[in-house]
Amino acid sequence: MAGIEGEDASATLDHILTQFNTYEDYLDSQITTQDLYYLENEEMARQLVELGFRGSGEVLKREDFIARKLAAEASRLSERQQQKALASAGKELKDDFLKALAEREEANRNGKMSSIIFIRDHNFRGQEVSAYIDYAHRLKVDEFEVYFSGKKKLFPRRSDLSFYNWDRNICCLNSSPNYQVIAENVCGLLFKNKSDRKVINVDPKAYPGDNTTRTPIETDLYLQVVIYDHVLRRKL
C-alpha cells in the first residue's frame, strides 16, 4: 500500500486481513451511504473503490489481498499443526525428565534424532524394573500428552527394546522399527540403528558410539534415568 511505510503499513495490513473475510467485505467498508445514494448500485460502488475513485486512503489490490490472506491462513494452519503434533507444546513442565523429553520431541518425530531412554524404577507391586525405550517409536504408539501433563508416567514395558524385572529375574528383548537389539556380545547390550547402522553402547563405562551422547537426568519421578541421543546423518 503506497503512502504507508514500515510498522504502520504492517499494522494496517494485519488489521485488514483480520477484520475482513473476503475482498468484497473490504471494499464494502470503503463505501459510504452517500456513494450508494448517488450510484444506486452496490457492485458499481465496489468497482469504483477497487479502481481507486472512491474510499479513504490507498486501496489494497484484490490480488494482494487474496495472496496475503492465503499466506496468513497457511501460517496459522502450520502453527496449529506443529502445536498439535508436539505433545509437549503449551505444557508447564517442572521435572527435568519431562523437560528433557520435550527438548528432544520434535527431533525424534522428524527423524533427525533417535533417542533411547533408560528408566529404572519400582512398579506398582514394588518390584524394581528397568527398560531401554525407543523414544521415537513410543512417540508414534503412545499418547504422550498424558505424560507431559503429569496424568501418567512413562514406564518400562516388556515390549520395549530391553525390559528387566530385577526382583523376578525376567528379561525381554525386542527390536523396534528403529533399532536392532544385539544381546550376545562381549561388549554387553548393544543397539544397532536401522537407519545409519551405527551401534549404540549403553555401558556407562564405554564409548556410547558415533554421533551418540549419554546424558544422565536428575529427576524426582524415577530411581534413575539416562538418555542416549543418536543424531542421524542424512545422506546428501
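The structure is a predicted model, in which local features need pLDDT of at least 70 and side-chain atom pairs count only at pLDDT 80 or more, while totals for chains, interfaces and linings use all residues. Residues are numbered from 1 along each chain as its sequence is written, and side-chain values use heavy atoms, with hydrogens and water left out. The protein chain contains 8 helices and 9 strands; helices (H or I, at least four residues) and strands (E, at least two) are DSSP runs, numbered from the N terminus.

- Of the 236 residues in the protein chain, 37% are buried; buried means under 20% relative accessible area, exposed means over 50%, and partly exposed lies in between, with a 1.4 Å probe and protein chains only.
- The protein chain exposes about 14,800 Å², and carbon and sulfur atoms supply 48% of that area; accessible areas come from the Shrake-Rupley method with a 1.4 Å probe, and for residues only the protein chains shown count as cover.
- Among contacts in the protein chain with a separation of 6 or more, 50% are between residues 24 or more positions apart; a contact means heavy atoms within 4.5 Å.

- Strand E3 (residues 162-165) runs antiparallel to E4 and is joined to E4 by 4 bridges. Tyr164 has Cys171 in E4 as its bridge partner.

**Strands E5, E6 and E7**

- Strand E5 (residues 179-182) and strand E6 (residues 190-193) are antiparallel and are joined by 4 bridges. The bridge partner of Tyr179 in E6 is Asn193.
- E6 is also joined to strand E7 (residues 199-201), again in antiparallel fashion, by 3 bridges. Here Phe191 stands opposite Ile200 in E7.
- E6 and E7 form a hairpin with 5 residues between them, and Arg197 in the turn has a positive phi of about 65 degrees.

**Salt bridges**

- The count is 10 salt bridges; a salt bridge is a side-chain nitrogen of Lys or Arg within 4 Å of a carboxyl oxygen of Asp or Glu.
- Glu145 and Lys91 form one of them, with the closest N and O atoms 3.5 Å apart. Because Glu145 lies in helix H8 (residues 145-148) and Lys91 in the loop between helix H5 (62-85) and H6, this pair ties together parts that are 54 residues apart in sequence.
- Glu145 is partly exposed at 41% relative accessible area, and Lys91 is partly exposed at 25%.
- Glu105 forms a salt bridge with Arg109, the closest N and O atoms being 2.9 Å apart. Both residues lie in helix H6, 4 residues apart, about one turn of the helix.
- Glu105 is buried, with a relative accessible area of 0%, whereas Arg109 is partly exposed at 35%.
- Asp210 and Lys198 form a salt bridge with the closest N and O atoms 3.6 Å apart. Asp210 is in the loop between E7 and E8, and Lys198 is in the loop between E6 and E7.

**Aromatic pairs**

- There are 8 aromatic pairs; rings of Phe, Tyr and Trp (its six-membered ring) pair if their centres lie within 6.5 Å, and planes under 30 degrees apart count as stacked, over 60 as edge-to-face and the rest as tilted.
- The rings of Phe144 and Phe148 have centres 6.2 Å apart and planes at 45 degrees, so this pair is tilted. Phe144 and Phe148 are both buried.
- Tyr164 and Trp166 form an edge-to-face pair, 4.7 Å centre to centre with 85 degrees between the planes. Tyr164 is partly exposed at 22% relative accessible area, and Trp166 is partly exposed at 48%.
- Phe118, Tyr132, Phe191 and Tyr228 are linked into a cluster by ring pairs.

Technical notes:
Two strands pair if DSSP finds at least two bridges between them.
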